[in-house]
Amino acid sequence: MTTATTTTNATDATSGSVLLTLMKLRTFIALFAVVAFFSIFAPNFLSTANLILMSKHVALNAFLAMGMTFVIITGGIDLSVGSIVGLCGMVAGGLILNGIDLQFGYTVYFNVVEVCLITLAVGIVIGAVNGLLITKLNVAPFIATLGTLYVARGFALLSSGGQTFPNLVGKPELATTGFAFLGSGRLLGLPVSIWVLIVVALAAAYVARYTPIGRHIFAVGGNERGPHVRHPGRPGEDVRLHVLRLLRGDRRTGHLVGTDGVAPGDGQFLRTQCHRRSGSRRHVDVRRPRDDRWHHHRRLRHRHSFRRSRDDGHLVLLADGHQGDRDHRRRRGGSGATPAAATGHADAACEKGVTGMTDLKGALIGCGFFAVNQMHGWRDAEGARIVAICDRDPERLKAVGDAFGIQRRYTSAEDLFADGGFDFVDIATTVGSHRGLVEMAARHGVATICQKPIAPTMEDAKAMVSACAKSGVAFMVHENFRWQSPIRAVKAAIDSGAIGEVFWGRVSFRSGYDVFSGQPYLATGKRFIIEDLGIHALDVARYIFGDATAVTARTRRVNPAIAGEDVATMLLDHDGGITSLVDCSYATKLPIEPFPETLMEVDGSKGTLRLTQGYHLAVHSKGATKLTNVEPPALSWASPPWHNIQESVALIQQHWIEALRAGREPDTSGRDNLETFALVEASYLSAAEGRTVSLAEVLG
């Protein structure tokens, strides 16, 4: 009997041991299952290129996850990590691109190591603020870091005006050894970011296992009520402060990466990394009804959205700082809020945070030549995804749907809107269909992006803008040239005051590239180069030099096989006395084809600026010339020479998402684009009648 009992106990112990082992390995089992599934149903999943690409994409979240592991071990939580990443990215970008102006005619620029140290210091300071709020003022970690989230996000947006820095290479000599190398360079065939991740992961594991601070972190654990945590000055409190202070620092914006850095775990860093890979790209579909959200946005439009983000954080911290002080007094026997009240406060904050992280859903109408770029951009975008597509051509609809995994497919826009289920629509069709589709979207209360040109006539354009305004929905024109990195670099250089007060400029796009093979309809219209290409150059002129008051234009058709003009020259008078020349040509044969580069010349009172072929930016001032390579990065789905255009598509779409979330008017809104479209109409009228045409005459 004793033998049987012993055998049974041994069997139970063995079973328990196996079960315990399986529980410890559950993360690895889940990862293996995901890899096995995609290996079967996606033949290229295990290819070397794909594995490297996936590892590179998860590197940022992996860095955050390692820091968050320390925080979670101590029983804490940090919601602010994504916004701190964003603020640090803005600090790094500003230092690299603009340096620090000493106001004495001298600007200090920093090398990569110096920028990294300064950025790390910013993260450490904000982490220390979190630590002090939690350990000294007794603010709940959830509320403290939620407030810091909004403060950091607001300052990040204010520091850049909501824009991104177009070129993080910095000084020309850093182009091959600086941030460009850290972000896109390779070492022994692997991206540098992966090597950095390996080093940091090993260092974090060493700190956790073999150093005094690591042992203290594990000793504190989640026991917030233990005497070593409650009493100021004891090791537990110091450890929690150090954890929140030290684990900060990154150079990429990331409002939505806060929870991606949170992973369940017990201090095992390898397990944490597996959580990051098997659990990325989760979507939480929790949001208020669309009508309520837009009503809320309209009520808040009188407040600057960036400052509102910062001020919301201040309010959260002040409110809970007061609440934390009352809770502290209550624990010592004084009066204060009840536990139920404190819980309700945290629940409300949680609901606000989850709502802000929900992906927006979009639909695409038109699956033609250029729409593929937009689909790639939406797939990479943070905070939005395409859930439905529409095209009258079933073959194109199937090709795009299969390529991007979109199951909801429509051949009728009416059916698409009738089914609904999306927050915005991207209209990528020819100009003749724009008004009908935009007005249809407005009737259904759906925010809309529309391809350029906005409409066939000014009357149509005004009607579209009016329809969206009456319905209270956002409306943006996909005017993407001003989002090109080289163009943004020109704007940043001018705004820095490097060349003084601008008085003359030129925007030039001259090429012999065959655009008709991919878009044959361009050869059939009576209007061609101003309406298709010149509109981009005219918008760039507005973006750089300000709104125009009058235009004088001349056009010519060189290619006899097309119906419209393929050469145009336009002289613009701008507000403030600036004169600019905008010239476009698809009939210019050059020894080295510059397509699709936009070249620029700008003269100012203190110097000159030239953006020349090959993405070279030269700023001459005070007897010296600063040369910068401003070539845009080639995205994973981009291909030269289109990478310049393709990057701008991704950037303008990300801008749309951020504007939509903030409830603010996008930079190339329908209302703003009326000014650009008026330049197109005025140019054609001027060329036809041989006279200068004022914009007021066209706008009415």
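Predicted model: local features only at pLDDT ≥ 70, side-chain atom pairs only at ≥ 80, totals over all residues.
How many of the 20 residues of helix α23 are buried?

**The whole protein.** Begin with everything displayed. The protein has 700 residues, of which 49% are buried. Its secondary structure comprises 25 helices and 19 strands. Consider next the contacts between residues at least 6 apart in sequence: 69% of these join residues at least 24 apart.

**Helices α16 and α17.** Select residues 371–380, which form α16, together with residues 394–404, which form α17. The two helices pack at an angle of about 25°, and their axes lie 11 Å apart. Because angles under 35 degrees count as roughly parallel, α16 is described as roughly parallel to α17. The crossing of α16 past α17 is right-handed.

Now show the side chains at this contact. From α16, select Val372, Met375, His376 and Arg379; from α17, select Val400, Ala403 and Phe404. Sorted by class, the contact consists of five nonpolar residues, one polar residue and one charged residue.

**Helix α23.** Proceed to residues 643–662, the 20 residues of α23. From its first C-alpha to its last, α23 reaches 29 Å, close to the 28 Å expected at 1.5 Å a residue. The opening question is answered here: 17 of the 20 residues are buried, so that α23 is mostly covered.

**The end of the tour.**

Key
Residues numbered from 1 in each chain as written. Heavy atoms only, no water. Axes fitted to C-alpha atoms, helices over the stretch in contact; angles between N-to-C directions. Helix = DSSP H or I, 4+ residues; strand = E, 2+ residues; numbered from the N terminus. Parallel < 35°, antiparallel > 145°, perpendicular 65-115°, else oblique. Left-handed = near helix turned anticlockwise from the far one by under 90°. Contact = heavy atoms within 4.5 Å. Nonpolar A, V, L, I, M, F, W, Y, C, P; charged D, E, K, R; others polar. Expected span 1.5 Å × (residues − 1). Buried < 20%, exposed > 50% of the residue type's maximum accessible area, 1.4 Å probe, protein only.
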